[in-house]
Amino acid sequence: MHTARRTLVGAVLTVLGILGSVLVAPSPAQAYGTLTVKYAVVDTGNCARLRGSLPVTKVSGGCMLYDSFDDTYFETDDGGIAVKIELYDSYGMVAKVEFHPSGEKLWVYDTRNDGDTVYVFINYSLNGATYGPFNAEGTDDVLDYDVFDFDWIEDKPFGVQVTDSASVYDPIFSERGRS
């Protein structure tokens with residue numbers, strides 16, 4: 001009788017432990033927890049940093065923003081306002097997002113092979129539409145990225161919103177630029 005009771009109690013405790021870990025474990029969209037955001041809004045006509053804290057260096061033909069993966073180069077584009085966003089957890093960079101006004105290209109990077117990603121929405125002011133979600137398709141590589149090409153009219157404002165899920169209602173950060 002004692003062996004059967006111990007087996008039953010052990011089984012119940014095992015099931016409760018599994019249920020508890022499922023209920024407590026973060027879902028993929030919330031796996032990052034709290035993220036630190038570093039960003040820069042850059043006038044690509046003169047490489048002036050308009051907002052944010054990421055350093056901008058003027059180089060031949062454009063603006064350079066260095067990072068631990070592949071750096072960011074914004075081509076000179078008079079009237080263009082570029083946006084770069086880097087997201088970090090306590091272990092390092094997990095993602096970065098770049099909007100390049102020269103050619104109206106959105107770059108979305110997943111910089112950690114952890115089963116999670118960020119999602120980006122673009123609000124284009126000319127027609128008031130929200131586009132997205134855009135994300136980097138995950139692979140087994142440490143660094144994944146996808147580039148999205150827009151055919152927008154030059155010198156129009158837009159907004160970039162980064163979220164932790166494919167919903168606009170789970171925001172991490174947002175910023176404005178100009179194509």
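Guide: Let's start with a term: a polar contact is a pair of N or O atoms within 3.5 Å, where, within protein, one atom must be able to donate a hydrogen and the other to accept it, and residues adjacent in sequence count only if both atoms are side-chain atoms. What we have here is a predicted model, so local features need pLDDT of at least 70 and side-chain atom pairs count only at pLDDT 80 or more, while totals for chains, interfaces and linings use all residues. Residues are numbered from 1 along each chain as its sequence is written, and side-chain values use heavy atoms, with hydrogens and water left out.

Now to Asp43. A polar atom of the Asp43 side chain lies 2.7 Å from the backbone nitrogen of Gly45. Asp43 belongs to strand E1, residues 36-43 (helices, H or I, of at least four residues and strands, E, of at least two are DSSP runs, numbered from the N terminus). With a relative accessible area of 19%, Asp43 is buried; buried means under 20%, exposed over 50% and partly exposed in between, using a 1.4 Å probe and protein chains only. Setting aside neighbours within four places in sequence, Asp43 is in contact (heavy atoms within 4.5 Å) with Ala48, Leu50, Cys63, Gly80 and Ile81.

Cys47 sits in the loop between E1 and strand E2 (48-52), Cys63 in strand E4 (residues 62-65), so the pair links distant parts of the chain, 16 residues apart. The torsion about the S-S bond is about -90°, so the disulfide is left-handed. Both cysteines are buried, Cys47 at a relative accessible area of 10%. Cys47 also has a phi near 65°, positive in a residue other than glycine. Most residues other than glycine have a negative phi. Glu104, in the loop between E7 and E8, likewise has a positive phi, near 50°.

Next, the nonpolar cores: sets of buried Ala, Val, Leu, Ile, Met, Phe, Trp, Tyr and Cys residues joined through side-chain atoms within 4.5 Å. The largest has 24 residues, and Ile85, Leu87, Leu106, Val120, Ile122 and Val160 have the most contacts inside it. E1 is among the elements giving two or more residues to this core, along with others including strand E6 (81-89) and strand E12 (157-163). Apart from it lies another core of 8 residues, and our Cys63 is one of them, as are Leu54, Leu65 and Ala82.

Finally, confidence. The chain's mean pLDDT, the predictor's confidence in each residue from 0 to 100, is 81, and 81% of residues reach 70 or more. Over residues 1-30 the pLDDT is below 50, and that stretch has 8 contacts in the model beyond near neighbours in sequence. Where pLDDT is low, predicted coordinates should not be read in detail.

Notes
A disulfide is a pair of cysteine sulfur atoms within 2.5 Å.
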